[in-house]
Each structure stands twice: as structure tokens, then as C-alpha cells.
Amino acid sequence: MADKFQLVLHVARKVQNNLGQVADSLEKLKNLLTWQHPEAARQLYSTLWMAFLASCVIPGQYLVPMFGVGLGIKLFLIDYVFKRFPRVRAKYDNTHRIWQTLPTDLQLKSGSWVVVQGSRSEPYLPIPSTPPPEADSSAVVNSAPTSLATTPTGTDTTEFLQLFNLPSTEVPQQEWEDGRHCVLIDRDKGLTSGGIKHGRLYLTKNFLCYERSKSNPSKNVKIQLADIVGLEKAKALPFMPGNGMSLEVKVNNAEKPYLFGAMINRDEVYDQVLVAARQASQSWAVDEEEEEEGEGSS
């Protein structure tokens, strides 16, 4: 059953990726027809005018066979050569190159794409971020404490500390700089009536922090490791096969435990939280270790 469940997840991811590609293609086509990409739209406009003039001059009994022969050569000969030799495609397939540079709606809204006037090979290019002056960046590195420097992924830890109101020593641990994507599940509300909140889980030296997506900071969750009384591997849906992808965190003086689900590499996250709690000399983490050793010996 576990293998079948993993197969279902794999198929679901593949379907999601394919739907995302279809959506991106539709957005590119819309932006092409609305002249968001002037160079590509100009070429399409010129091609349509040439086809219209050809239809006015060449009789239909000759035009249709010519179109069929050209389409056959394109599909069965030219596309095969381009697929077999990627370097040739990158150099000569202007249609594919322009299609790849068409922006999606997200790229247009974020302003990360800009027209390069007079360029046929790359009409759209991402806007590079302006690097700080070398003198200023070196001064920041030398003067700022390590906890307030940027993480390896480029995320400003100062913003993270302000978001959760943490001291400068409580930065995300290694491999936790970008957080772990998961969902906060409220079983009382149900899975279909607002009981699932997407976000990211962060682990620091003494805290477990959950940042909810599309929410104000007051709805974020900050759990001190010292307040945890139990950490268990759980299943959001008991009837589902497999060992589950959830963690249940029991907190002292809390009405109900926190349930974090849909967590990739759940067992690895569980072990890392236990290691951080043991380093902080939390008694509940030591008890969990002794229980695991007892289960292993039995």
C-alpha cells in the first residue's frame, strides 16, 4: 500500500507540473497577442500579413499543398534535427528562442523582465539586481555580527528575527534557512473547511517557528523548545497508507497539539528537532531518545 501511495504522489506531482507548464504557455500566448512582447508580436504580425498576401496571389489549389509540404518538412525533418542537435536549435531556431523569452503574467507583475530594444536573439532579459558597492559590503561583513548577516540562500536573517521577535542568537539552523514547507492542520475545522494553512517551518537554537503564507504576522506560530512536552510522528488522515508525513507537537498549557502535515522528509525533520532540543538540554527530548532506544532493543 505504501508503494501505491508513493506512486499516487508521484503521478500527482507530474500532473501538477504539466498543468503549470500549460498555464505558462497560455499566459505567454496571451502576452504575445496583447503586444507585451513587441519584437515577437511584430514578427507574428508580419508573418500573418505575408500569409494573407500569399493567399491573395497564389491559387488555393497550389497554396494548400505548399502549406502541407512545408508543415511536413517542419515537423518531420527540421524539428528532428533541432531535437537531435540542441546546439543547432539554439543557434537557428528563432521561433523556439522567442517563445522561451516570452514572459508570463508573474514575470510581468514582478517587473523582472524588460524589453531589450534592437535585440533579436534575446528580446526579453531579467533585470539584474544592483550589487552593493564593494567597500560598503566589506564594511557590513566586518562590522555586522554573524547572526545578522545574510543566510547562504541570501535571506536577510534580520527580517526573520523581527518577524518572530527573536534575539539575535536565534537564527535558522543550517539547512533551515529557507524553512520546510508544510501545512498547519486544525482537525476541529476539518480538511475542507479552512482547517489547512500553508506555510514554512523554521528551527532555531531554542524555537520552532511557523510562518503562515498570506497571513499577517500575528497569526504566525512561535513555539519555544522548553515549552514542548512531546513530539510525535503522526498521520493527518489515519486511514491513509504509509507512515504519514506529519509531526504532532504537544505544548505545555496549550488546548490542543500543533499538527504540521504534508512535510517532505518528515523523519529527517523529526530527528533534527530532537537533536536541537537535546543540545538545549530539554528533558522531553531525552525521554523521546530513551523511548526510541527501548523500542529498538525490544
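I began with the rule for patches, which are made of residues with over 30% relative accessible area and no salt bridge, like charges being joined within 9 Å and nonpolar side chains (Val, Leu, Ile, Met, Phe, Trp, Tyr) within 5 Å. I noted that the model is predicted, that local features need pLDDT of at least 70 and side-chain atom pairs pLDDT 80 or more, while totals for chains, interfaces and linings use all residues. Residues are numbered from 1 along each chain as its sequence is written, and side-chain values use heavy atoms, with hydrogens and water left out.

I looked up the nonpolar surface patch of about 620 Å² and found V69, I73, L77, I78, Y80, V81 and F85, the areas coming from the Shrake-Rupley method with a 1.4 Å probe and only the protein chains shown counting as cover for residues. V81 sits in helix 3 (residues 60–84), helices (H or I, at least four residues) and strands (E, at least two) being DSSP runs numbered from the N terminus.

I then turned to salt bridges (a side-chain nitrogen of Lys or Arg within 4 Å of a carboxyl oxygen of Asp or Glu), of which there are eight. One of them joins R180 and E268 at 3.7 Å, N to O; R180 lies in strand 3 (residues 180–185) and E268 in helix 9 (residues 266–279), so the pair ties together parts 88 residues apart in sequence. R180 is buried at 13% relative accessibility, whereas E268 is partly exposed at 34% (buried is under 20%, exposed over 50%, partly exposed in between, with a 1.4 Å probe and protein chains only).

I also recorded that K233, R266 and D267 are linked in a network of salt bridges.
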